[in-house]
Amino acid sequence: MKGGCYCGALRYEITGRPVFKAQCHCRACQSFAGGAANVFMAVPAQGFAYDTGEPRSYRKPGEDTVATREFCSCCGTQVASRRDGLDLVMVKVGTLDEPAAYKGPKAAIYVAEKQSFHFIPEDLPSFEGFPPV
């Protein structure tokens, strides 16, 4: 799979198979998604590479921060994030060239922080926080 930012200055290729697909309702993801849940897929870090451009990264200061966000320095599109302790890259589905290949989340996570207007399908497994690995 291939994808990139809105302006095209940052492009990536995924050669690894997704190991987890979810929608995250944590407050940090809500901020980065503009109010909605963050729809993502986790792929092995060794199966993800930028082939055009270099991302900027941001990690909020503080002991409770667990993720570093990667984004385009030209248009600001967040493309991916990396979570401490996981050898995975969380790729934002909207940045895929063919987002239909995602085929939907397999879980909803951090639902304890979701907003009343967030939609979670009834049959989707939901977790109050990060699911057990």
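1. Basis of the note. The model is a predicted one, in which local features need pLDDT of at least 70 and side-chain atom pairs count only at pLDDT 80 or more, while totals for chains, interfaces and linings use all residues. Residues are numbered from 1 along each chain as its sequence is written, and side-chain values use heavy atoms, with hydrogens and water left out.

2. The sheet. Strands of a sheet pair through backbone hydrogen bonds, either parallel or antiparallel. Here an open sheet of three strands has the order 1-2-5, and its pairing is antiparallel; strands are DSSP runs of E with at least two residues, helices are runs of H or I with at least four, and both are numbered from the N terminus. Two strands count as paired if DSSP finds at least two bridges between them. The edges are strand 1 (2-4) and strand 5, each of which pairs on one side only. Strand 1 is joined to strand 2 by three bridges, and Lys2 has Glu13 in strand 2 as its bridge partner.

3. The cores. A nonpolar core is a set of buried Ala, Val, Leu, Ile, Met, Phe, Trp, Tyr and Cys residues joined through side-chain atoms within 4.5 Å, where buried means under 20% relative accessible area, exposed over 50% and partly exposed in between, with a 1.4 Å probe and protein chains only. The largest such core has 17 residues, and Tyr12, Ile14, Phe48 and Val91 have the most contacts inside it. Two or more residues come from each of strand 2 (11-14), strand 4 (38-44), strand 5 (48-52), strand 8 (78-83) and strand 9 (88-92). A second, separate core of 10 residues includes Cys26, Phe40, Leu88 and Met90.

4. The lining of the largest pocket. A pocket is an open set of points on a 1 Å grid over the protein atoms alone, where a 1.4 Å probe fits, with protein on both sides within 12 Å along at least five of seven lines; lining residues have an atom within 4 Å of a point. Of the 31 lining residues, Cys26, Val66, Ala67, Arg69 and Arg83 are the closest to the centre of the largest pocket. Helix 1 gives the most to this lining, namely five residues.

5. A loop residue. Cys74 lies in the loop between strand 7 and strand 8, and it counts as exposed because its relative accessibility is 62%. Cys74 and Val89 are 15 residues apart in sequence, and their C-alpha atoms are 21 Å apart in space.
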